[in-house]
Structures are given as C-alpha cells and as structure tokens.
Amino acid sequence: MAHRSHTLAGRLFFWGIVAFGVLTFTEALFRYVIFPEYRSLGEDLFERHPVIGYFNRPDMSVVSYSPGNYKTAIRTNSLGLRGAEQTMGADLSGVWVGGDSNTFAKGVAEEKTFVRRLAQYGYAAANISSEGHRLSQQALVARYLAKSHRPRAIVIGISLPQAIADYSNEFVNLTRPLTPDAGFAGIRMITPRSELRHAFSKAVDLFPRSLLALRARLMGSSAIYGWLKVGIGAVPWAVKTLRDSGLIADLELTVKGDLNLRRPFGPQNPMQAQVDSTADFAKAFQDWTRKTLNVPFGIVIYPTYHQMYPEHFRRYMKKFNLEGEDLIPIRSLDALRTALQARGVPVLDLLPALQSSGLAALTFPSNGHLNANAHAPVAKAVAHWLESDLGVPPVKAPR
Amino acid sequence: MTGISVNHIGFALAGLTLITCAWSPWRAAFLPVFFVLSLGILGTWLRPFDMLALGLFLLPALLMTGYLWGHPERASGIVTASIVTYLLVLFVIFRRYPIFDMLEWMNHPVAIIGLSYMLFRVIHLVLEAPRMGQYPFGISRFVAYVTGFWTLLAGPIQRYDDFCTGLGSVGRPSDRDAVAAAHRLVNGLIQAFVLAPLFVEPANIDLLKAEGASAVDFLIVLYAFPIYLYLNFSGYTDAMIGLAGLCGVTTLPENFDRPYLSRNVQDFWSRWHMSFGVWIKHYLFMPLNKALLTRWGFRFELPATITAVMITFLLLGAWHGTNANFVVFGALHGIAVIGTGLYGGILKWRLGRAGRKAFVEHPAVRAVAIVLCFHYVAMTLMVFNNPLEKMFQVLKAFFG
C-alpha cells in the first residue's frame, strides 16, 4: 500500500515530517559531534544551602559558557568555594574574599581571577563569593565558615548598583542561630498534596510563555541553540545585528537600578536611605568580624559599566531623552564610599585602578562584569590596599 | 519531562528512518532497516555480556522454530516442552528470581531490557511454528519480530502472523490515515512523557509519613500511581501504534480499552494490557485449565478452574517483578477474579440468567461496580508499587 498525496495538506504533512527528521538528525549531530558541551549551558551552578540559603554547588567541575562564548572551567571544593580542594585549608587560613558575581567571576578562568592572583602578591585567599549574593548573604557565609576556620582578614566585593539596598530586615543574619531555616525545602512539609501542586506548576512551566522563557528552556536542552548562542559571540557583525535589534543586551543602553542613583545625593534623594542602610550593614558586619574573629574587614566596590565609561552613558541619555537631566553615574559610588568611610569601614574604590590600567576593554562585550584582563589591576590594587589600609602584610615565601 | 534525552532523540531518529523508508520507493527494504534499527537500539542498552546472554536465550529458540516451521509432524510434546522449559529456566535465571538466583556471584549480572516481552513472543513462535508454514520465516524476520524496537519495552504483544501481515502493508498511508496516526503518536507522547510524570512523586507512599498528612493525601497516593501507570503505559502504546500506522502497519494490537471503567477485575483484565491478557489466556490459563480438568475429571470443574486461575495470576504477578509484592498483587487479582465468577454464579442462581443480566447492567449497579473495581485495582497497585514491609509500616503509622 502506498499513497502519493495530491492535496496541499498531505504535501505539507509530508514535508513537515521531513523537516522534523532533519531537525532531529541535526540535533543529534550537534549533541554528539559538534557541540557535546551543550549541557553546561543549562547547568545550574547553585543549590539550596540549609544555612546560607543559596550557595555554589560543592565539588563541582563544570564548563561554563557564560557570558557568551567565554568557555571557562568552574570548579568548587567540598564547601562550595571556587577553587581546588587541595588548597582549601591554606586558602581559608588566608584572606576571605567574598562578594557577588564579580568576585565569583564565572567567565574568568580560575587562575586569572583577582582572588587567585593575590597569591602573586603574597596573599593566600579563599573565594567565598556566590553569584547574586548581597552583603547580608555573605555575612551568613562568613559566619558559617567561621565555625571551623579563621581568616587573616575579610574583604567583601560589592557591585553597584545592586549592592545598594534596604538592609533593615537583614541585620538578623548577623545574629540568628545558624540552623536550617524553616522556609527551606530541606525541612519543609512535603506531602502528596504539595507534590501534586509542585508537579502541576512545573508542568505549566514546560510551555514557555515568553521569549526569555523559551530561551531558558532551550538552554542546556538543545545543542543547536547552545552552539548558535555561543558561536554567534565570535561573529562581530552577527553580534552587532542582534544588539541593534534588541535581541541581546547593549551594555551602553542597559542601566540597572533607580535613576536617582545618578542624581545628587542628600536628604532629598530617596536612594540616600538605601546608601545609608548599606553602609550601616557593612559597619555591623565589620563589628561582628572584629568581635568574633578579631581580624580586619573591608569593602571593595566594583564600579558599573557606565561609571567606567561615562561617555557611553551619554548615548543612553540621548536614547531615552534624558539629555538636560542632572544624571552622573559616578554619584552612587561616591555616595557609598563616603558613607562607608564616615562609619570607619575601610573601602577600596576600584575605579581609579581600572581607569589607570590602560586596558581598552574592562568588561565582557555584552556583560558588565570585569573580564580576565581587568582582574590583574584589581588584584594589584587589592593587594596594596590589604597592606596599607587593612594592615595585613603579605606572607613572604620562605627562602 | 525534564528535557530531551539521548533515548528520545534515538527513538525519534529510528522512527523517522522507518517512516522515510516506508514512504519511499525503497519500502521493500523496510524489514532490513527495521532489523538493523532494532538491533542497534538494543545494542546501545546491552553490554557485550548481555548480548551473549541474549544470544543464549534466542539462538535455541530460533533453531527450534526453524525446525518446526510448517512441520506439524515434528511438533512432539517433548520437543516443544523442552524448548519452552529451557526458555523459562533462562528467564528465571536472568531475571534473578530470589529462590533461583544463580547469578549472585557475578558483580554485574545480566540485564536484558525487554526480556519479559521477548519471552512471550518467542514462546508464541515456538508453539505456533508448526501451523505457520504459510508465513515467511528467517533470521531477520525472527530477530525483527522478537526485538522490534517499537514493541520491545512495553509491548503490545503482537502475533507473528499479524507482524507478517503488517510488513506486507508497509507504505505511505492515505492522508487521512497518516494524520490519524500522527495524532495518535503525538497524543501518546504527551500522555507518556508530559502528563504521566506529574503523578510520579505524588504516588510516593513515604509522603504519608509527613506530619499533617491527611485523608486527602492518602487518596492522592492511592490514585496517583494508577493514573501514572495508565498514562505512561497506554501513552507509550498509542505512540508506537501511531508510529507503526505512519509506516502503513496497522496490525499492532490495541492494548487498552478504558480499563478503569471495568465493572470487575475479570473485566479489568479484558481491558488492561489486552495483548498480554490474550497471551496469558491462550498459552497459560486454557492449557492449564484443560490439563487439570483432564487429570481431575469434570466433577472437579470448579476446583480445577479456581486452581488454574490462581496459578495463572500468581505467575502473572511474578512475571511483573521478582519481589514478593508482585506475587501478592497477582494473588489479589486471582482472588478477585474467582470472587467475580462465584458472585456471578450466585446471581444467576438467585435471579436467573435474564435477571442477572438486568441487574448487572442497571446504571446504578454498574456505577457502583466501576467505583468498587477501580478502588480495588488502585489498592492492589499500591501493593504492586511498594515493598510489602514498607507499605505495611507506612500505612500502620498513618492509620494507626
């Protein structure tokens, strides 16, 4: 039995099957031959932690393609800190360098991160950071690690503008008992009803309702999509086209945080309260460090893209008809630095070191995080500051 | 559904290859293509030692089937009994049933995917071989029939004559039939891989240990596994029947007919995994019943039938798994079938034939019967899905 279709629907059906077959074969080819590392694109590097909330997965060894086509090996030790298990003890006896994604530095090879580079200046250092962590979460990390380790100093890197926030409800992280939080899945009440609800909500998530959701679903499950996403980063005209069409972020036109962070600070600025709150929390963190560990504490501020490249901010202002408004990106950095200094918290503003580095590009092309080259001047600046401001001398290698 | 895995892609490619072959001018190559794909897929799941074990299982059956093919005069009782016994013994050894576990000394015992279904097909071939002379037979047909990837994992259990008829009709179906087959394929995939997984975790009996677990939670656990099993099993069957239909093969048997609308457990087994039920009835129950009647005489028809039913269902349960809970599952269904028969007999005695028919077909009686049957099946599936000791402990703590 064989029928040749003479109807349009029949022919469409036939070619639909052919197209599906070609797609399936191509996906298999990409998965096994061309881009077998596609799974790493969707791999989650973080997990729930019974005390900290969310932290890096421990004992991890993955290849990350974030940002873009920057292939980086990420490994963590048994505590979830970025770095090798073998040096964990020595690192945790050195300087604890915490913070968020700029300190974790996903797109930077481990040996190129400024935390690792501190070794060149005589400082053993443990990277206790995690993506998305604020000061309050890093306080939990420090308290958790302090149960069994003692550093020479604690330095927390904070990225603007997201580090500036209202911390009034988070001071409890410096005092609450370090026991599993009842809000976490580890001890939540899991019943058949809750599992059924959870299953159905996951089922709804199967069907992406936005472009972003579709991209998230394709990431890590389609080798073709992964390859395109990564590979396209190496094709300048393709990147430009996608950027101009809005499909990928244009750093110059991406401004995070409240616009008031770029206006003059003072009582009239609604963000002043959050700057003060941030500085207050840093001060409380410092007090805990001195009282519990009796070691120096300091804050390192990572500037934003527009703070490093104020001329590009003018393009943003032009695009969104903000010319004529009194907006200067550096204001939030100045305000936070001033607030920290007023409270006696040692602070290192990385902007001068980065601007004087002479590097043409300090960040990734479509991502405001510091690139590998920028970590070199950061390491130098932090090493110098550790000795001059925090009074932590480098450890000379024995002759 | 967590993502598109290697197996999904492999199956999709295999299916598309078959469809392409069936729709092309080279549809005569369908059998070799099907043979190669089936062996290839099996090969990705089996280690070399497993392949050796499978060869040990299939080769004597192949040789015996070839010897008996179309030669009823060669089919003596001893010949067929010995090969069937050989197959059953190997099956018991490879599956590692506790009492007969001879592979304990091996670090990595044999694990042959689909062995349970291969057993049925091979026994069918061996027993029917003398009367199947009008159908073609050869190594490639034997291997393709026994290891065919679209029925390897979960059936349906197709007869060899239907398999040959199906091969003869390979080709591009009409647009209408193609759309119907594709629709069935997609529906089956959605059922098996999107809907069924929703009910996996809620079926976990350990969740009843949670503080605050209520009667609603118990009902969720009770209903979730039957729902999962039906969606997964019938969805997979629908997908394979749809795939076969797209190749022009319409002889894969139906396996499900609204099983949860059964009025009693006997009715359930005529609607659930129907190809399996037909095989069991034809090759196990009926010969066993006949043998017992012959041995005991027709005076003992009722005890013989009861015995045959219980043995059949105990073996049915054991086929599903090697632990005691599967045998108990089988026993519970055997008891229910016997009970159904006895109850039917009592009704006939009290109400007469017509009265009994009117009674059982009354809508209210039918509704109550369906609800009771479903709940009985659900409870036996709880036994099926959990080790006995764990189930008793959890339920005792929950109710107690």
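Which residues form a nonpolar patch on the surface, and how much accessible area do they have together? In this predicted model they are A:Phe25, A:Leu29, A:Tyr32, A:Val33, A:Ile34, A:Trp227, A:Leu228 and B:Val6, with about 760 Å² of accessible area together. Patch members have over 30% relative accessible area and no salt bridge, with nonpolar side chains (Val, Leu, Ile, Met, Phe, Trp, Tyr) joined within 5 Å and like charges within 9 Å. A salt bridge here is a side-chain nitrogen of Lys or Arg within 4 Å of a carboxyl oxygen of Asp or Glu, and accessible areas follow the Shrake-Rupley method with a 1.4 Å probe, only the protein chains shown counting as cover for residues.

Before going on, a word on conventions. Residues are numbered from 1 along each chain as its sequence is written, while chains are lettered from A and ligands numbered from 1 in the order in which they are written. Local features need pLDDT of at least 70, side-chain atom pairs count only at pLDDT 80 or more, totals for chains, interfaces and linings use all residues, and side-chain values use heavy atoms, leaving out hydrogens and water.

Back to the patch: helices H1 (8-34) and H8 (223-231) of chain A each supply at least two of its residues, and H1(A) gives the most, with five. Helices are DSSP runs (H or I, at least four residues), numbered from the N terminus. A:Leu29 sits in H1 of chain A and is partly exposed at 34% relative accessibility, that is, between buried (under 20%) and exposed (over 50%), with a 1.4 Å probe and protein chains only.

Now to the cysteines. The whole structure has zero disulfides over all chains, a disulfide being a pair of cysteine sulfur atoms within 2.5 Å. For B:Cys21, the nearest cysteine sulfur is that of B:Cys247, 8.3 Å away. B:Cys21 is buried, at 9% relative accessible area, and B:Cys373 is buried at 7%.
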